[in-house]
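Open the model in your viewer and keep the sequence panel beside it. We will go from stop to stop, selecting a few residues at a time.

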Amino acid sequence: MTSLPRERWATRIGLVLALAGNAIGLGNFLRFPRQAAMNGGGAFLIPYLTCLLLIGIPLLWVELSIGRLGGRNGRGHTAGMFDLLWRHPIAKYIGALGIFIPFAVATYYTYVESWCLAYAVFALRGQYFGLGSVDAMGHFLHGYQGVEQNIHFDGLTWAYGFFALTLLANLWVLSGGVARGIEKLARVAMPLLIVLACVLAVRSLTLDPPAGAGSDQSVAAGLRFIWSPDLGPLTDPTVWLTAAGQILFTLSVGWGIVHCYASYMQPDEDIVTSGIQCAGLNEFVEVILGGTIALVAAVVFFGTAGAMRIAQSGSYDLGFQAMPLVLEQLALPRLFGAAWFSLLFLAGITSSVALLQPLIALLEENFGWPRRRAVAATGIALACAAQPVVLWLGHGYMDQLDFWAGSLGLVIFALVEVIVFGWIFGIDRGWSEINRGARLRIPRAYRTVIRWIMPGMLAAILVAWALERLPDEISLARVEAGDRVYVWLARSYLIALFAAICVLVRRAYREGSNPRSCTPSPHV
Ligand code: ALA
């Protein structure tokens with residue numbers, strides 16, 4: 001008996017573009033330039049590239065192989081997949097993290113994505129033109145977010161409107177299914193995104209400094225800032241932590257979504273090559289295009305110190321305050337502004353559909369729900385869960401979700417999965433699973449990386465984070481007294497969400513609706 005029939009990616013190129021679309025997201029254009037600017041530009045790249053080779057790419061192979069194995073056995077989410085890898089009652093609840101993390105991140109990610117759509121429209125209308133300074137752009141953004149009452153916006157009507165549109169766009173794509181929804185989107189959005197990013201990168205590299213600019217305000221200074229390696233900060237553990245966190249975030253590894261996408265592959269799909277292609281595309285877009293567009297432009301207009309200051313002042317300041325100002329100075333400012341924000345929106349939507357797919361897979365596969373019903377239920381849950389993000393943005397609610405699920409959660413899940421894969425499932429079975437159908441041979445040294453180096457590095461990161469951030473997080477030392485209640489509400493939401501997903505997983509197994517009950521798998 002074979003496993004249940006599953007939907008598949010229609011084409012190989014579509015699969016690679018969907019994987020790359022999942023990886024290439026807001027992180028490439030908003031998070032990476034900020035992290036690089038805050039951690040000394042070129043100094044950041046050495047730990048970043050080291051983490052790419054020792055954590056990012058091998059973890060991508062591990063996740064693709066777990067996902068493909070899961071798919072051969074009718075499992076599209078990590079709860080079911082971990083149950084295959086490790087026949088222990090707790091395994092599926094550990095795997096439930098791979099449904100929880102993406103949904104928790106989607107709770108705020110889709111909202112940020114909706115700002116990009118809104119700003120693309122504002123750029124076309126010239127709505128923020130003439131504000132003239134990063135601070136004034138900040139007031140515009142805060143007015144839009146409802147964090148501040150000012151002349152630019154009257155309440156949250158615009159923010160809600162664009163959020164609703166973004167949510168509907170996501171649900172529309174998802175209701176088409178894997179091949180006719182997600183893959184079709186990736187086939188259109190990814191080439192368009194790369195063209196837009198190349199145009200903006202070329203424009204950044206041909207920028208003239210503003211009148212009266214200092215000697216450090218030039219394209220050459222911007223390029224020097226990113227590309228001159230500086231070995232000094234290599235001994236600073238914070239730079240390593242940030243680099244590893246960025247690799248997990250940008251490649252979407254340690255989330256549970258690569259597994260989910262891989263479950264729709266052909267049983268002998270070459271995952272070694274697909275993994276390298278996905279990582280290569282993501283890094284090209286992140287380091288070459290993402291780094292160039294925002295960082296070079298910011299250095300030309302604000303100088304190196306100014307760019308670093310803007311990056312430090314807030315997560316979205318480079319993208320939503322500095323970049324629109326720079327683009328406004330160019331010929332065709334409306335077009336360039338709209339191109340920048342459309343690029344961000346495309347990057348966002350190809351990732352957010354991936355964030356929602358694991359929960360949809362659980363509802364479809366284990367509860368037998370038709371796709372549209374599973375998508376609608378996921379959409380309603382997301383719309384409800386996102387309300388506090390919209391309403392309490394200024395109180396640190398979103399930052400809590402980003403810290404616990406979008407940062408710490410990734411390291412925990414990545415660590416647990418490499419232990420389950422390399423030690424419990426076993427490196428011999430794991431290695432042959434990774435190499436199955438591969439045209440390229442991975443150097444055998446990667447067996448050691450998967451079994452020893454990756455878990456070692458992830459454990460070290462976890463311990464360092466725990467020492468550095470947890471005391472402050474737990475004692476709420478950096479949170480204003482009035483905001484503490486929102487922090488606890490955010491944490492309660494995360495606990496409730498994880499509990500709810502565990503209940504779903506438990507019911508799925510108890511009711512015998514899991515594909516395992518239909519068939520003992522011949523594939524493990
Ligand atoms: N990997 C996605 C991003 O970079 C989530 O935004």
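## Stop 1: two loop residues

Select Leu332, which lies in the loop between α14 (317-328) and α15 (333-367). Helices here are DSSP runs of H or I with at least four residues, numbered from the N terminus. This is a predicted model, so local features need pLDDT of at least 70 and side-chain atom pairs count only at pLDDT 80 or more, while totals for chains, interfaces and linings use all residues. Residues are numbered from 1 along each chain as its sequence is written, and side-chain values use heavy atoms, with hydrogens and water left out.

Look at the backbone of Leu332: phi is positive, about 55°, although the residue is not a glycine. Leu332 is exposed, with a relative accessible area of 55%. Exposed means over 50% relative accessible area, buried under 20%, and partly exposed in between (1.4 Å probe, protein chains only).

Now jump to Leu476, in the loop between α20 (470-475) and α21 (484-510). Its phi is also a positive value in a residue other than glycine, near 60°. Is Leu476 buried or exposed? Leu476 is buried, at a relative accessible area of 5%.

## Stop 2: the ligand

Among the residues around the ligand are Asn22, Ala23, Phe249, Thr250, Trp255 and Ser351.

- Tyr109 has a polar side-chain atom 2.7 Å from an oxygen atom of the ligand.
- Ser252 has a side-chain N or O atom 2.8 Å from a nitrogen atom of the ligand.
- Asn28 has a side-chain N or O atom 3.4 Å from an oxygen atom of the ligand.

## Stop 3

Select Gly256, in the loop between α11 (237-251) and α12 (257-262). Gly256 counts as buried, at 0% relative accessibility.

Then move to Asp270, in the loop between α12 and α13 (271-313). Asp270 is buried, with a relative accessible area of 5%. What does the side chain of Asp270 reach? It reaches the backbone nitrogen of Val272, at 3.1 Å. Within protein, a polar contact also requires that one atom can donate a hydrogen and the other accept it, and residues adjacent in sequence count only if both atoms are side-chain atoms.

## Stop 4: two helix pairs

Two packed helices are described by the angle between their axes and the distance between the axes. Axes are lines fitted to C-alpha atoms, for helices over the stretch in contact, and angles run from 0 to 180 degrees between N-to-C directions.

Show α18 (residues 397-435) with α19 (residues 445-468): their axes come within 9 Å and cross at roughly 165°. That makes α18 roughly antiparallel to α19, a label for angles over 145 degrees. The residues of their contact divide into 21 nonpolar, 2 polar and 3 charged. Ala, Val, Leu, Ile, Met, Phe, Trp, Tyr, Cys and Pro count as nonpolar, Asp, Glu, Lys and Arg as charged, and the others, Gly among them, as polar.

Finish with α6 (residues 97-125) and α8 (residues 157-175), whose axes come within 8 Å and cross at roughly 115°. The two helices are therefore roughly perpendicular to each other, the term for 65 to 115 degrees.

Notes: Angles under 35 degrees count as roughly parallel, over 145 as roughly antiparallel, 65 to 115 as roughly perpendicular and the rest as oblique. A residue is near a molecule or strand if one of its heavy atoms lies within 4 Å of it. A polar contact is a pair of N or O atoms within 3.5 Å; within protein, one must be able to donate a hydrogen and the other to accept it, and residues adjacent in sequence count only if both atoms are side-chain atoms.
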